[in-house]
Amino acid sequence: MNNQLAGTGALLRLALRRDRVMAPVWILVVAMLVLSLPGSLESVYGTAAERERLLATMTANGSLRALYGPVFGDSIGALTAWRGGVFAGLLAGVMSLVIVVRHTREEEESGRQELLSAAMVGRRAPLTAALLAALTANAAAALLVTAGLAGRGAAGALALGLGIGATGMLFAALAAIAAQLTESARLAKGLTGAFIGAAFVLRAAGDAGAPDGGSALTWISPLGWLEHVRAFAAERWWVLALFAAASAAQLVAAYALAARRDVGMSFLPARPGPARGRLGSAGALAWRLQRGALLGWSLGFLAAGVVFGGMTDGATELVGDNARTREIIERMGGQAGQAGQGVLADAFLATMAGMLAMVAALYIVSAVLRLSAEESGQRAEPLLANAVGRPRWAGGHLAVAFGGSALILLLAGLGLGIGHGEDIGGAVAATLGQLPAVWVIGALAALLHGAVPRFAVAAWAVAGAALALGWVGPVLNLPQAVLDLSPFAHLPKLPGGQDPSWAPFVALTALAAALLAAALTALRRRDLAA
């Protein structure tokens, strides 16, 4: 066993060094999602009567429970766990899958793991180092959450911190299994991401039908376990044992699979074949490579649109006469200073359309950065050695990225309109109206890849900053000059809101086109990544 773990320490240090920027950013995002809530919740639900009214509304409103889960207590700590616990666990799971897959399947796919294995490195060392890196990140996030909320109650803060960290480790173990089953990092991430999405859907479906969270569907989902830890509301410490047992079982499976395959191999091999017919061009190949991811995003956005649209009436009921909540929603929806229940519903729909568009920015970044993956994986060079120019090769992936972002926003708008049951055309206009800002972020990602490929990953930070400004900025009442750093701040909020002007749409679209032209020019002039 010792020989099989030889070199684990060195590999762990290497992993932590490689993640010295990415991991702290993820940790801060997970922690700040929770730690930013108590102050805003206190300003919105500052009195016991307001908190009791919130509990009564959530008990009667299945659509809001589907999004946030049931409320188990009326303290600010309990409301913090309710409002941010599940989403923090979701982000911890995504962080974990990125770390584990990066230091297992990506290393094998690039060929670096084979070189390392030729030295004094045990067979189980790479997987162990990756899991320890994920454990380090989740422990840091759990520690920050616990320390930040300790003033609200030490027991509740510890329960929530441990629950979030345990959720992250459970999905890290799942990612370890996926890394053994699949032949590419992309498929490993997709498979684990699909399980995380299924966990959220199961929890949402269970909570929608059971005010106390006691549905069997909720208990099937690890995210349901997280809410049943009941931080700040008579904590259930025994639920953490479920995380430990499930993680241990998955780790046993991951190590058993790793012991039965060679480096670079998998249990679900890819299906190679000649590029004939519709695969006979660079654009068709780009579509083939990205169509699975686009299908997943499309279905997810359509479902999210239906859910958010169905929440509109419940959200306006939840706001009621709470002036602070109304102010936040109307500011995010671009209708501050207006009055009326219909105005509030439009503001909520505009807010949801904006949020979906900001999430769509994550899709376009991932699709554009597929160029970096193809280049670093040395799959682009054989294509470019034939009669395929760099603009044509990149253009296929960019067409999928930019066209795909339009498709998922179209489906999101259809979902919003169907869920709300009114003005489907207005809902579609609301989501597609945010498309130029999404394209600007995608064009920035393309420029980073074309000009400075080593820093192309910084495009994720750009998309994340836009998401943070749009999500947290209005809640924190940040200055307009800060909010204007996001391209989304310059577009009209639909439906309702101010009268739309064509100027910002044209300006942002032109900016995206200029950035794309610069990206393709830079790509033609530089050497391919080694």
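A salt bridge here is a side-chain nitrogen of Lys or Arg within 4 Å of a carboxyl oxygen of Asp or Glu. With that in hand, select arginine 370 and glutamate 374, which form a salt bridge whose closest N and O atoms are 3.0 Å apart.

Some housekeeping before we move on. This is a predicted model, in which local features need pLDDT of at least 70 and side-chain atom pairs count only at pLDDT 80 or more, while totals for chains, interfaces and linings use all residues. Residues are numbered from 1 along each chain as its sequence is written, and side-chain values use heavy atoms, with hydrogens and water left out.

**Stop 1: helix α19**

Stay with the pair you have selected. Arginine 370 and glutamate 374 are separated by about one helical turn, because they sit 4 residues apart in helix α19 (residues 370-376). Helices in this tour are DSSP runs of H or I with at least four residues, strands are runs of E with at least two, and both are numbered from the N terminus.

Are these two partners buried or exposed? Arginine 370 is buried at a relative accessible area of 11%, and glutamate 374 is buried too, at 5%. The cut-offs are under 20% relative accessible area for buried, over 50% for exposed, and partly exposed in between, using a 1.4 Å probe and protein chains only.

How many salt bridges does a search of the whole structure find? The count is 9.

**Stop 2: from α7 to α1**

Next, pick glutamate 107 and arginine 18. Their side chains form a salt bridge at 2.8 Å, N to O. Glutamate 107 is in helix α7 (residues 105-110) and arginine 18 is in helix α1, so parts 89 residues apart in sequence are tied together by this pair. Glutamate 107 is buried, with a relative accessible area of 6%, whereas arginine 18 counts as partly exposed at 27% relative accessibility.

**Stop 3**

Axes are lines fitted to C-alpha atoms, for helices over the stretch in contact, and angles run from 0 to 180 degrees between N-to-C directions.

To see the contact (heavy atoms within 4.5 Å), show Thr8, Leu11, Leu12, Ala15 and Leu16 of α1 together with Ala125, Pro126, Thr128, Ala129, Leu132, Ala133 and Thr136 of α9.

**Stop 4: α6 against α9**

Leave α9 displayed and bring in helix α6 (residues 76-102). The axes of α6 and α9 come within 9 Å and cross at roughly 160 degrees, and the two helices are therefore roughly antiparallel to each other. On the α6 side, select Thr80, Ala92, Met95, Ser96, Ile99 and Val100, which meet Ala130, Leu131, Ala133, Ala134, Ala137, Asn138 and Leu149 in α9.

**Stop 5: alanine 66**

Jump to alanine 66 in helix α5 (residues 62-68). At 14% relative accessibility, alanine 66 counts as buried. Which residues does alanine 66 touch, not counting those up to four places away in sequence? Show Arg203, Ala204 and Ala208.

**Stop 6: the loop between α13 and α14**

Finish in the loop between α13 (222-228) and α14 (239-258), where you will find arginine 230. Arginine 230 has a positive phi of about 55 degrees although it is not a glycine. Alanine 234 is in the loop between α13 and α14 as well, and its phi is near 55 degrees, again a positive value in a residue other than glycine. Most residues other than glycine have a negative phi. Alanine 234 is exposed, with a relative accessible area of 63%.

Conventions:
Parallel < 35°, antiparallel > 145°, perpendicular 65-115°, else oblique.
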